[in-house]
Amino acid sequence: MGAYLLLSTLLLGSIVFAVTIGPANISAAEVWTSILHHLGIGESSLSVLRDGIVWQLRLPRVLTAAAVGAGLALAGVVMQAVTRNPLADPYLLGLSSGASLGAVAVLLIGVSLLLPVAAFIGAMIALALTLLLAGAFGRITPGRTVLAGIAVSALAGAVTSLVIFWTVTGDSYREILGWLLGSLASARWSSVWIGLAAIAVAGIPVMLTGRLLDSFAFGDTSAATLGVNVQAARWSLLTASAVLTAAMVSVSGSIGFVGLILPHAVRLLTGPRHRLLLPLSALLGASFLIWADTAARSMFDPRELPVGIVTAIFGAPVFALLLAARRTET
Amino acid sequence: MLRFLGTVSIAALVAGSLAACATSTPAASPSNADSKSTIENCGFEVPMSPPPQRVVTIKSTSTEMLLALGLSDRIVGTAFQDGPLPENLETPTPLPVLADKVPSEEVVLEANPDLVYAGWESNFSVDGAGTREDLASLGVRTYVSPAACKEPQFQPKKLTFDDIEQEISQIADLFDVSADELIAKQRATLKGIAKDTRGLTALWFSSGSDIPYVGAGIGAPELIMQTIGLKNIAASIDDTWASYSWESVIAADPDVIVLVDSSWNSKDKKISILESNPATANLTAVKEHRYLIVPFAASEAGVRTADAAADLARQLAAIP
């Protein structure tokens, strides 16, 4: 229970503090009177433009980061448990490559769809292809699914590269590069709603499946003897995490590291029990991505970095420290 | 062979004496009059003689430089053009096009050039037109617009019109033609610019939508803005162009926005990006449509920089 309290406080504190940081020089008090004003409490003294910085840029961006971080961490936990593969990540089933292809189609070929919609459609097509391929020539097993995902990823990645190679003119590659590396720069209120909706529809149900995921750890046969309908459970879990991932990719591109490493980091702290692992990964993932993005948008002020670079640069050493600490304990 | 050598040495003598004449009269241009046998270009030694006869140009700046010097007959191929030629440089027959993008080394070599003149250093790469070393080993000279040198020791610390004039005279020397007329014309254009004195601030919006890519503190955008009396809000970034953030743009609330117009990211697209984002829609320049337009091909350092400055100055004067 202590861990819940600690990580929830960390998340809340991260949101409150991160919105006050940015290239524009606006005091913390001004930021919060502006936000409270929009929530119907009190009056704000900020000009329209500075108020826009807080309410249209910073707050939606911080909240999107929280939703994406939580969603990716959750999807990572599920993928790792269901495929019994510690190297599994949310993008395993071709999701990010499919989403990238959808985004590239909008940005470069000019398909007239909203970018998040196109990315979502791309991700779902890739997932469907993966599952079709995995089931095409026999029984679907975790191993076959992962292999099918790799094949679909490779195909979608190649088509994406082909499109970029043929259509990029002048310096338009810069925009697509930012998206491929993962970036929260496009976060607006619409992104917040997409992120929160995915958490509500897929994230929260997944968080309640701790016992089920524990049973997967012992293998399909043991899970079956525990009274689990293995196939049905596996597909609902995979679909839930695919929806989660596709939604997150659609608002932020493919941000690496969070979904792969964060579940392991939390596991090092709490042990392998999923009832704890799921919600704690979500909470820590949310805080982690808020801070990574805050660094991305303010460290090199007034320049911005794609957040995917920051998650790996900071995440990898932190994870190494965790590993080292764990080794000395045992 | 002997006769050939003879002609070359006579030509060299004539060129040398002409150069001597040029230095003895008051110099109208910073022309590179000493008879150096090589020029240093982004840290790469390029042999000066003989004057190139078959040139492949990559990007608009290099093509337009040769056209402005009246060297259109030397161009055997163009590639990666950023946009249409300006009216005053149009050729009676279209120039041969090797590729819409960066050409591959084989395509370049097929045109049998004795010089490849590129607007960006990165055009010379293994997956592009070939590395400069490779091309040199095949006897093909290479030249990069010096304003585009990327290594810190060769990049202009802060681009000036002198740097552009130097490129003009260097190219003129290489081709053994006179740069005087072109340089005089450039100077006259610059002289004719009425600098705005209102102390207006500006954003140079080059590309990007989520993360704007803007003209920063040391390149052609900064040079043009300074020339016409605009204060660049991104001037503190020590780079030619750089990624910026909307938050910084909004915090600075620039008086005018320079929109770079290109086929892949048009001025209209930029205006709709600015207007559709609720945070930038309230910028003064966006609400009052205080936009200046510059074609992409004129926004990189070259013979069009002075004209671009003059054109933008006229647009700026029309803004109340």
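## Helix H3 of chain A and its surroundings

In H3(A), the residues A:Gly69, A:Leu72, A:Ala73, A:Gly76, A:Val77 and A:Gln80 meet a set from H12(A) made up of A:Val258, A:Gly259, A:Leu260, A:Leu262, A:Pro263, A:His264 and A:Arg267. Sorted by class, this contact of H3(A) with H12(A) has seven nonpolar, five polar and one charged residues. Please keep in mind as you look around that this is a predicted model.

Two packed helices are described by the angle between their axes and the distance between the axes.

| Helix pair | Angle between axes | Distance between axes |
|---|---|---|
| H3(A) and H12(A) | about 75 degrees | 7 Å |
| H2(A) and H3(A) | about 75 degrees | 10 Å |
| H3(A) and H8(A) | about 25 degrees | 9 Å |

To find these elements in the chain, look for H3 at residues 48–82 and H8 at residues 189–207 of chain A, for H12 at residues 258–270 of chain A, and for H2 at residues 28–38 of chain A.

Let us begin with H8(A). Its angle of about 25 degrees to H3(A) is under 35 degrees, so the two helices count as roughly parallel. H3(A) passes H8(A) in a left-handed crossing. On the H3(A) side the contact is made by A:Trp55, A:Gln56, A:Leu59, A:Pro60, A:Leu63, A:Thr64, A:Ala67, A:Ala70, A:Gly71, A:Leu74 and A:Val78, and on the H8(A) side by residues including A:Trp189, A:Val192, A:Leu196, A:Ile199 and A:Met207. The residues of this contact of H3(A) with H8(A) comprise 14 nonpolar, six polar and no charged.

The other two pairs have another geometry. H3(A) and H12(A) are roughly perpendicular to each other. H2(A) packs against H3(A) at an angle of about 75 degrees, which makes H2(A) roughly perpendicular to H3(A). Here A:Glu30, A:Val31, A:Ser34, A:Ile35 and A:His38 of H2(A) touch A:Arg50, A:Asp51, A:Val54, A:Trp55, A:Arg58 and A:Leu59 of H3(A). By class, the contact of H2(A) with H3(A) has five nonpolar, two polar and four charged residues.

A:Arg58 leads us on to chain B. Its side chain meets that of B:Glu247 in a salt bridge, with 2.3 Å from N to O. Across the interface of chain B and chain A the rule finds one salt bridge. In this interface, 31 residues of chain B are in contact with 29 residues of chain A. The two chains bury about 2500 Å² between them, and 59% of that is on carbon and sulfur atoms. B:Glu247 stands out here too: together with B:Lys101 and B:Trp264, B:Glu247 supplies 24% of the area that chain B buries against chain A, more than any other three residues.

Over all chains, the count comes to 12 salt bridges. One of chain B joins the side chains of B:Glu300 and B:Lys59, at 3.1 Å from N to O. This pair links distant parts of the chain, 241 residues apart: B:Glu300 is in the loop between strand E13 (291–295) and helix H11 (305–317), and B:Lys59 is in the loop between strand E3 (55–58) and helix H2 (60–68) of chain B.

Most residues other than glycine have a negative phi, and most peptide bonds are trans. A:Arg84, which is not a glycine, has a positive phi of about 50 degrees, and A:Arg84 lies in the loop between H3 and helix H4 (95–109) of chain A. In chain B, the peptide bond from B:Ser49 to B:Pro50 is cis, with omega near -5 degrees. B:Pro50 is found in the loop between strand E2 (44–47) and E3 of chain B.

Technical notes
Residues are numbered from 1 along each chain as its sequence is written. Chains are lettered from A and ligands numbered from 1 in the order in which they are written. This is a predicted model: local features need pLDDT of at least 70, side-chain atom pairs count only at pLDDT 80 or more; totals for chains, interfaces and linings use all residues. Side-chain values use heavy atoms; hydrogens and water are left out. Axes are lines fitted to C-alpha atoms, for helices over the stretch in contact, and angles run from 0 to 180 degrees between N-to-C directions. Helices (H or I, at least four residues) and strands (E, at least two) are DSSP runs, numbered from the N terminus. Angles under 35 degrees count as roughly parallel, over 145 as roughly antiparallel, 65 to 115 as roughly perpendicular and the rest as oblique. A crossing is left-handed if the near helix is turned anticlockwise from the far one by less than a right angle, and right-handed if clockwise. Contact means heavy atoms within 4.5 Å. Ala, Val, Leu, Ile, Met, Phe, Trp, Tyr, Cys and Pro count as nonpolar, Asp, Glu, Lys and Arg as charged, and the others, Gly among them, as polar. Buried area is the accessible area (1.4 Å probe) that two parts lose on being put together, summed over both. A salt bridge is a side-chain nitrogen of Lys or Arg within 4 Å of a carboxyl oxygen of Asp or Glu.
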